[in-house]
Structures are given as C-alpha cells and as structure tokens.
Amino acid sequence: MATSYDFDDGVGYEDMGGGYRQQPQDLGYDPNFVPDAVKTFVVHLYRHIREKNVYEIHQMYEGSFQKLSDRMFKESPWPSVDAVAPYVDNDHVFCLLYQEMWFRHLYARLAPTPKQRIDSWDNYCSLFQVVLHGVVNMQLPNQWLWDMVDEFVYQFQSYCQYRAKMKNKTEQEIALLRQYDQAWNVYGVLNYLQALVEKSMIIQILEQEKEGLEQFTATDGYDYSGGSNVLKVLGYFSMIGLLRVHCLLGDYHTGLKCLLPIDISQSGVYTSVIGSHITTIYHYGFANLMLRRYVDAIREFNKILLYIYKTKQYHQKSPQYEQILKKNEQMYALLAICLSLCPQVKLVEENVNNQLREKYGEKMLRMQRYDEEAFALYDELFSYACPKFITPSAPIYEEPLVNYNQDAYRLQLKLFLYEVKQQQLLSGIRTFLKLYSTISIGKLATYMEVDEPTLRTILMTYKHKTHAVDSEGKIFSNADVDFYINDDMIYVVESKSAKRYGDYFLRQIVKLEETINEMDRAKLE
C-alpha cells in the first residue's frame, strides 16, 4: 500500500535533456528557501532509501518529483543541496543523489551556464566514485539508475556541442573552458562507464546466468537477499551507455562490441525500462546500418517498432511519451533506409510494414532510383534520424575561433552517402537478376549496355556489397537475390520466405470480433 504524502503523487517521469540557470535574482529564486512540500519530499525519500523500499522510492522518483517540478519549479531550480541537507542528516550519498536529480531537472527545464555544466560533471564524478569505491547499501529503481547513465551520456554530448560552438563565446567562457579542461573529457566519460562495467562484474554475472548460476535477469537486477542492486545495474546500463558514446563518436565496431554481453534477441533488464529498451535498439540498429549489416538492423527495428505499436497507449500519460514518439519516427526513417538499400520486406511484420508504407512508401519508391532526387532523400532521412554526432576534442584557442559542432555529423553523412552511391549502382543488376533463374554473362552484358569484363566487375561488387561481417568475424549475406557463376552462365538463387497463414487468420478473427461488437452496440443504442 502506497504511503499518503501531503504533496501530489504523479505519473512516470524521465528527463531527456535541457539545462538551467541557478541565479538567485532570477524570477525571485532563493536557493536557500525550502518549501514545506520539498521538506516532506526529501525526508520521505531519504527514509525510503534507507529502508530499501524500492516501490516507494519509485513512486516518489517517478511521480512526486515530477508533480512538484510541474507545480513549483517550472521556471526555477529546486532548492540547493545545502538547503535540504539538514533535513536528511547531511547524508553524503543522499546529497549526491539529490544533486543528480537537481541538475537533471534543470537541464530539462532551462539552460545551463558553463559553470553549472562543469558542476554537474563534478557531481557525477563524486557519485560514481562512491559507487565504485565506497560501500553502497541501497536499492534504487531501475528507472533511476538508467536515467543516471542516460543523462550522464546526454550531458557529455551536450557539453561537446556547446564547446564546439566557439564563434560567439565570451572571454569569461573561454577562460572557464581552459581552466576546467578535464570536465566532460571523452576519456573520463569512457573510463567511468568502463569502470562501472568492470567493477560490477556484470559480464561474468550474465555469463553465469546462462549456466543457471545467477538470477540477474529473473529478478530484474534487484537483490532480494538484502544486498544492493546499484553497482550491478549501473554496470549493466553502462554497457548501453558505451554503445551510445561510441556511436556518437562514429566507432560502430567498438560500440557493438561493448553491447555483446547483453543478448538482445531475448528480453532482459534493458527491456524493463522503456527508455533503455528504445535507446539500446536505436543505437544497435544504427550501428549495424553503418556497418552494412542491414538484416540485423531490419530485424531489430521491426521488433521494437512492433512493440511500440502495441504498447504506445500505456505510455500516453508519461512525460517520456514525446521522446518515445520521436525515436519511433526516427527508427521508421532508418528502417526505410535499410529496406531501400537491402530489400528484405519478408523480415517486417505487417503492422510495421503498413505504418512504414504510410510514412515513407512514396519516398522509398523514389529512393530505388539512381538519380539526384533519390540521393537527396537518403540525405534527408539520414540527417533526420541519425544520432547527434560529436567532436570530443577541445578547441585550439590560439587559432581563430570557429564553430566545429557540425564537423562530425558532416563526416558521417559523407561516409553514408558514399556507401549509398555505390549501392545505387547495383540496383540495376538486382532488377535483372530477379527476372531470370539462369542467364548468360554475354546476354546480361548486352542488356546492361556494358562489356563482359565490366559486368564481371559489377557482379563481384554486388557480391561484396551484399555481404557483411558479423560480430564474430563470420561473413554472411544480406541479399534477397543471390547467384553463382558456372563457366559463362549466371545461376540465380532467390531466397523464398515460408508463407505464414496463422498471423493472417488471427488478424481477420480480431477484425471480425470488433465488427460483431460494433453491431451489438448499434443494436443496443
């Protein structure tokens, strides 16, 4: 039974980014004034954390914190940590957790000053140091632990974007960047995430679970024997954080390598939090797209898009809803790209395919052509759906100050479009191969208006471009149309998908039941 508090309990909550200004003179904000509702909130939250009451912590973190933020702190920060500390026995770890929520709320609602960005980095360092080297006797909700890792990576990305816009920086801002040159350093970010993975022993835990010696996934990472879930679950989510950071840096191989211990073909702790589930599959799919592993990307995009399609209504009241919808749209755009480069419609479920055709059907038809318009559509969809790539290096202050925040994005776009151009050259050969089961090289060369040596080169290029290397170094085919050459004859092998009638009949039964129910309602009225 949930405790009754003298402040409003609310709905689910997850911050997705923003910033803050902690200026006492702004809007009459006094960082030392603690309203009664906030006193009650921190006292109860502190008590529940000490009692390891995960259910109540979750209710307060997801509900009450959001409600109070909406009601009292829409345009100002929460009271400072120094002001609330006396109400929680000046507990060091609780104060670090409060600061983490405090910075995240302010990043989400307002715009951070440079110093506040640096202070948030210091707070994360202190918090992670405690988790890594202290004794953490707490159980926290998975949602909160995911938000910590998610926000840590988001603020790193935000800082890199901010630092790369050098053109209009004031002298004070530049002095601050020089003074705190280690804040949000890429090596620092990667080292913390890697340290959490290693110290938590999460990779070994997941290995032992496969042998039936651990219960990590079965208990959603919680420890029901009175221990702590914080280090283990932070380590688990840090693997997803590492995937995301490496994607932002354009290192897709390393990103996917970091995710390997998590079996994404199964549901796991990453699927227990909707934000974590979507982030994992979005970055996993994007990395595979960039590595030409289109089949893997299509398969996972299809699964997550179907999941969102079926569960969307349950998240409508959640503040995460807008972010879910945005990532949903981006993943449809990425799926459209994958299917245009590697037509594998048989891997896409009917509901997802219908949504895709509605959103991008016309564009996908145009993307099949080899012309500038098709090229521009690939550019448009990629730019809309790709992550916000970052340049992690500090600016060179001795040279003229320029904005370089778009450099990483332009490089990734250029590499992607270079690949598209090569793939588009092959769309003609695929069209001919689909028409024949056997054809001589001479005949096909005539149809394609090239000489035989050139055709052989094109066929070899097709073979190369429709094959990719998986995470274990094995070569596999992405093609729905394959072939082999014997002497001067091409033999075409088209992969046939097994027809599944069960799904079709089930959908028709559901439609029929809906129609009968509507007719019954009409009779009653």
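A residue is called buried when its relative accessible area is under 20%, exposed when that area is over 50%, and partly exposed in between, as judged with a 1.4 Å probe on protein chains only. At 27% relative accessibility, glutamate 214 therefore counts as partly exposed. The structure is a predicted model, in which local features need pLDDT of at least 70 and side-chain atom pairs count only at pLDDT 80 or more, while totals for chains, interfaces and linings use all residues. Residues are numbered from 1 along each chain as its sequence is written, and side-chain values use heavy atoms, with hydrogens and water left out.

**The chain as a whole**

The protein chain has 21 helices and five strands; helices (H or I, at least four residues) and strands (E, at least two) are DSSP runs, numbered from the N terminus. Its C-alpha trace spans about 85 × 80 × 55 Å along the principal axes. Of the 525 residues in the protein chain, 52% are buried. Contact means heavy atoms within 4.5 Å. Among the contacts in the protein chain with a separation of 6 or more, 76% are between residues 24 or more positions apart.

**Individual residues**

Glutamate 214 is found in the loop between helix H9 (202-210) and helix H10 (230-249). Leaving aside neighbours within four places in sequence, glutamate 214 is in contact with Ile205, Gln208 and Glu209. The C-alpha atoms of glutamate 214 and proline 453 are 239 residues apart along the chain and are separated by 59 Å.

For lysine 52 the value is near 60 degrees, and for tryptophan 184 it is near 55 degrees. Lysine 52 is in the loop between helix H1 (36-51) and helix H2 (54-72), and its relative accessibility of 22% means that it counts as partly exposed. Tryptophan 184 is in the loop between helix H7 (171-179) and H8; with a relative accessible area of 0%, tryptophan 184 is buried.

Serine 158 lies in helix H6 and counts as buried because its relative accessibility is 12%. Leaving aside neighbours within four places in sequence, serine 158 is in contact with Tyr107 and Arg117.

**Helix pairs**

Two packed helices are described by the angle between their axes and the distance between the axes. Axes are lines fitted to C-alpha atoms, for helices over the stretch in contact, and angles run from 0 to 180 degrees between N-to-C directions. Angles under 35 degrees count as roughly parallel, over 145 as roughly antiparallel, 65 to 115 as roughly perpendicular and the rest as oblique.

| Helix pair | Axes come within | Crossing angle |
|---|---|---|
| H6 (142-164) and H8 (186-200) | 11 Å | roughly 170 degrees |
| H13 and H15 (350-367) | 9 Å | roughly 90 degrees |
| H2 and H6 | 9 Å | roughly 50 degrees |

H6 is thus roughly antiparallel to H8. In this pair, Val149, Phe152, Val153 and Phe156 of H6 meet Val186, Val189, Tyr192 and Leu193 of H8. The residues are classed as nonpolar (Ala, Val, Leu, Ile, Met, Phe, Trp, Tyr, Cys and Pro), charged (Asp, Glu, Lys and Arg) or polar (the others, Gly among them). The contact of H6 with H8 has eight nonpolar, no polar and no charged residues.

H13 is roughly perpendicular to H15. Asn302, Leu305, Leu306 and Tyr309 of H13 make the contact with Asn351, Val352 and Gln355 of H15. By class, this contact of H13 with H15 has four nonpolar, three polar and no charged residues.

H2 is oblique to H6. Here Ile57, His58, Tyr61 and Glu62 in H2 meet Gln143, Trp144 and Asp147 in H6. The contact of H2 with H6 has three nonpolar, two polar and two charged residues.

**The cavity**

Rolling a probe the size of a water molecule over the atoms shows where empty space is left. On a 1 Å grid over the protein atoms alone, a cavity is a set of points where a 1.4 Å probe fits but cannot get out, and lining residues have an atom within 4 Å of a point. Grid points are joined across faces, edges and corners, and a volume is the space filled by probe spheres set on the points. The count comes to one cavity of 30 Å³ or more, and the largest cavity holds about 30 Å³ of space. Its lining consists of Leu305, Ile308, Tyr309, Lys312, Asn328, Tyr332 and Gln355. Helix H13 (294-311) and helix H14 (321-341) are the elements that give two or more residues to this lining. H13 gives the most, with three residues. By class, the lining of the largest cavity has four nonpolar, two polar and one charged residue.

Terms used:
On a 1 Å grid over the protein atoms alone, a cavity is a set of points where a 1.4 Å probe fits but cannot get out, and a pocket is an open set with protein on both sides within 12 Å along at least five of seven lines; lining residues have an atom within 4 Å of a point.
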